[in-house]
Amino acid sequence: MAGGPGPVPGRVPGRVPVPSRGRAAGRVLLAALLLGSWCRAAPERIRYAIPEELGRGSLVGPLARDLGLSPAELPARKLRVASAAKRQLKYFTVSEETGNLYVSERLDREEMCGESASCSVSFEALVQNPLNVFHVEVAIQDVNDNTPAFSKPALDLEIGEWTLPGARFPLEMARDADVGSNSLLTYELTGDPSFSLAVKESSGGKQQPELVVERALDREKQSSFQLVLTAVDGGEPVRSGTVQVRVNVTDANDNAPVFSKGVYEARVRENLPAGSLVLRVRATDADAGSNGRVSYSFGNVPDGVRALFSVDSDSGEVRTAGPLDFEERSKYGFGLEARDGGGLTAHCEVQIDITDENDNAPEITMLSVSSPVPEDAPAGTVVAVVKVRDRDSGENGQVWCELSGEAPLSIVASSGGSYKVVTSSALDREQAAEHRVTVVARDRGIPALSSRTALVLEVSDVNDNAPVFEEAAYSAYVAENNAAGAAVLRVRARDADAGANGRVSYWLAGGSAGAAPYVSVEARSGAVYAQRSFDYEQCREFAVAVRAQDGGAPARSSTATVRVFVLDRNDNAPRVLWPAAGAGAAAGAAGAAPVPAAAPFEVVPRSAEAGYLVAKVVAVDADAGRNAWLSYELVQAPEPALFRVGLHSGEVRTARAVSERDAAKQRLVAVVKDHGQPALSATATLHVVLAESLQEALPELSERAAGADSPAELQFYLVLALALLSALFLLSVALAVLARVRRAGPPAVLRCLGAQRFSVAGAAFPADFCEGTLPYSYNLCVAPGRAVAEAAWLPPPPPLPSLPAEELVGGEPCGKRSPSSSAGAGEPPADADAPQVCKPARSLSLSLSQPHAEAAALRCAVLRGLPDLSFHERMTRSCAVSFLAAGSVERFLPSSLCCRKCYRYAVAPG
């Protein structure tokens with residue numbers, strides 16, 4: 001920075017002017033202000049010079065401008081002053097708006113620097129962004145603001161009348177606290193021409209006033225004289241001080257005391273205990289008696305000297321009275337006076353030099369600490385400015401600094417006893433969020449003294465780390481048929497950064513084709529959830545990419561692959577491909593026997609040996625693994641020992657040779673079971689016909705052998721027959737009761753309601769029974785339409801004609817006819833006493849297309865018309881008639897249960 005004269009400080013509002021004695025004093029102050037200037041004594045050092053006694057708010061200099069800072073930069077650079085000596089900061093302050101340096105407290109050079117020839121205040125100016133330190137020195141120039149003063153208001157001298165003209169008597173010197181030309185004193189003596197004033201220059205360059213006798217004294221004429229001694233300084237304006245000199249004329253003391261030396265010098269170390277001997281002065285007086293007795297005392301000395309030293313009036317020993325501190329003052333000078341009994345005096349100078357001891361440890365002051373520091377700060381970044389000061393001198397005041405502790409920091413010496421703490425390498429917050437070091441300052445004294453202070457440097461985070469997944473690829477195994485929204489797995493990525501830079505969020509970033517709709521990821525936790533239920537048979541595995549991104553700017557991200565494997569569950573039962581279940585299942589669901597023509601069948605020759613391949617059950621399972629392993633087992637067969645099925649192949653083979661005793665038709669049920677948990681199964685029904693050829697097997701397909709029925713079917717039919725018989729019995733009883741009630745007429749309660757409110761259609765069965773050979777013979781009457789009685793609460797249906805079987809094939813008298821057999825709805829029944837005759841059948845010409853009901857009627861007619869035959873023959877003939885009426889085996893079988901003999905009888909010739 002180029003140096004140059006600073007602006008001349010003008011009169012600042014609020015400045016307290018220096019007291020003056022007139023216009024001359026004002027001109028002197030203005031001239032002193034014009035002398036204020038600054039220059040660069042060394043790099044990073046700025047100097048100003050101002051006069052003392054400037055008031056608070058006085059301008060020292062444009063500090064910001066001299067540092068090269070514009071007003072716009074001031075808020076960011078944060079210019080301020082700092083100093084290791086706190087008392088020096090109270091004198092100056094920096095304006096935050098303008099950057100000018102101002103006086104904050106009245107400056108008194110004599111108070112600040114004492115009798116020192118030069119006086120200056122040093123401090124540091126700190127700027128931030130980047131951090132830098134400048135040394136500022138303000139020189140305080142002396143102003144003549146102190147008046148010369150004497151220690152006593154009056155000086156008493158005793159001079160003998162025999163004193164010859166020209167004799168000289170030393171007088172007390174005045175003291176001026178100013179320095180330089182302002183402290184140069186001249187003396188004037190007024191009052192009586194018998195005395196004059198002479199000035200003798202002492203060894204220290206000071207003017208020693210002496211009283212000179214100009215005329216012979218005569219005590220008898222004038223015993224005393226009143227003189228005035230005036231001391232005038234050399235300042236502008238001139239200041240002066242006076243003292244009264246009283247001279248008494250005495251007799252016979254013609255010798256004044258004489259010191260052995262004009263100047264006594266001593267060197268003592270600081271921190272001496274009080275009462276320690278410093279030196280001894282000696283003065284002699286040639287007179288005898290009281291005139292030769294000498295006493296010692298201080299001359300005109302400041303009070304501070306009297307507080308630190310004492311003089312013995314008899315021995316002349318100078319001792320310490322208080323602690324001596326080299327750092328406060330390194331040299332003391334004062335005058336001693338020797339006075340004899342006659343009042344004659346002598347003066348000498350005492351010079352005491354204080355030697356330094358290493359009694360002050362270095363003082364460490366943190367002027368500025370830039371914390372936190374971003375972790376991407378380059379090496380050499382200034383993070384702290386340290387001021388180290390040792391009040392000792394010489395080697396005792398020479399200080400060197402170092403850093404103690406492991407940290408990427410180093411300390412660099414700067415000018416003016418300042419040190420900069422800089423980064424020695426790159427910082428990494430993820431390895432160390434803060435660095436703690438100790439600044440150690442040691443002097444070179446013996447023994448060396450040291451000071452320590454801790455420096456804590458925080459490292460602020462920069463988004464320099466991308467999120468890192470715990471695994472590069474994740475695998476999840478999910479069983480199928482899971483619930484939608486079920487958790488699949490949780491991905492986790494860690495970011496070594498802090499705050500928003502380390503806050504990780506997740507989302508899907510792609511994957512295999514069609515995988516996106518299957519799963520979703522929670523942004524904060526990284527939990528992956530199933531969007532739908534998985535089906536192993538549709539999708540066995542898929543992969544998605546999950547991206548983790550932090551909240552830094554710019555954001556950093558990373559990607560991990562999540563592969564989801566769908567595990568199979570046993571949710572599919574085996575499906576039988578052969579034999580196909582269709583007609584047989586439908587028939588079984590209807591409650592009737594399966595129709596052989598619609599069900600698949602296999603023909604096995606009766607000559608088949610053991611191991612003959614009958615068929616193969618073919619089944620598949622949509623599951624996988626053990627869930628799709630199928631095993632076959634034969635669970636139902638009329639002849640369990642005749643057939644076997646392969647456990648894993650499904651092949652149905654004969655377990656032994658086929659014999660004649662085996663039923664011609666076999667119904668085999670095989671179960672197909674998988675190995676899942678729990679196991680699922682399906683059944684396959686296989687119809688087997690034992691015949692040598694297909695032609696021989698056809699009759700077997702049109703009949704149902706009694707022996708071929710399984711025990712379960714046989715039991716079913718027995719229960720069904722028993723239920724039918726019970727129902728017929730209950731129906732017969734009900735009809736009988738109804739007939740008796742009808743003969744007796746309706747009850748009285750119903751008669752009051754009218755004859756038309758309740759009527760019953762004619763019964764389809766006669767009320768009485770015809771005679772026969774069986775214990776119970778039924779008169780079966782058939783009708784081509786409905787014969788079910790309906791209640792008369794609804795409009796009665798049209799009457800249905802009911803014809804007895806005797807009218808179809810002819811018959812014999814069977815007693816009375818039912819009253820409702822020929823009566824229509826709403827008509828009165830015929831005479832109940834009239835005989836009823838069953839007409840014999842004229843012919844048996846029936847159409848083959850008549851319904852099965854007509855075949856049943858023919859069968860009943862045959863049974864009624866052949867009373868002399870046995871029961872078996874009558875049943876055989878009735879079955880034959882039914883077969884012929886049906887016209888085919890298929891129409892015949894659903895309407896009757898016949899044995900083979902009936903069938904053969906029906907188809908035999910004649």
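Leu-189 has Leu-229 of strand E13 as its bridge partner. Strand E10 and strand E13 (residues 224-232) are antiparallel and are joined over five bridges; two strands count as paired if DSSP finds at least two bridges between them. Strands (E, at least two residues) and helices (H or I, at least four) are DSSP runs, numbered from the N terminus. The model is predicted, so that local features need pLDDT of at least 70 and side-chain atom pairs count only at pLDDT 80 or more, while totals for chains, interfaces and linings use all residues. Residues are numbered from 1 along each chain as its sequence is written, and side-chain values use heavy atoms, with hydrogens and water left out.

E10 and E13 belong to an open sheet of four strands in the order E8-E14-E13-E10, with mixed pairing. Strand E8 (154-160) and strand E10 (186-190) stand at the edges with a single partner strand each, so one side of each is left without a neighbour in the sheet.

Elsewhere, strand E30 (residues 434-443) runs antiparallel to E31, with nine bridges joining the two. Six residues separate E30 from E31 in this hairpin, and Arg-436 has Val-456 in E31 as its bridge partner. Strand E31 (residues 450-460) also pairs with strand E25 (residues 373-374), in the parallel sense and over two bridges.

Helix H9 (residues 711-744) contains Val-733. At 40% relative accessibility, Val-733 counts as partly exposed, a class lying between buried (under 20% relative accessible area) and exposed (over 50%), with a 1.4 Å probe and protein chains only.
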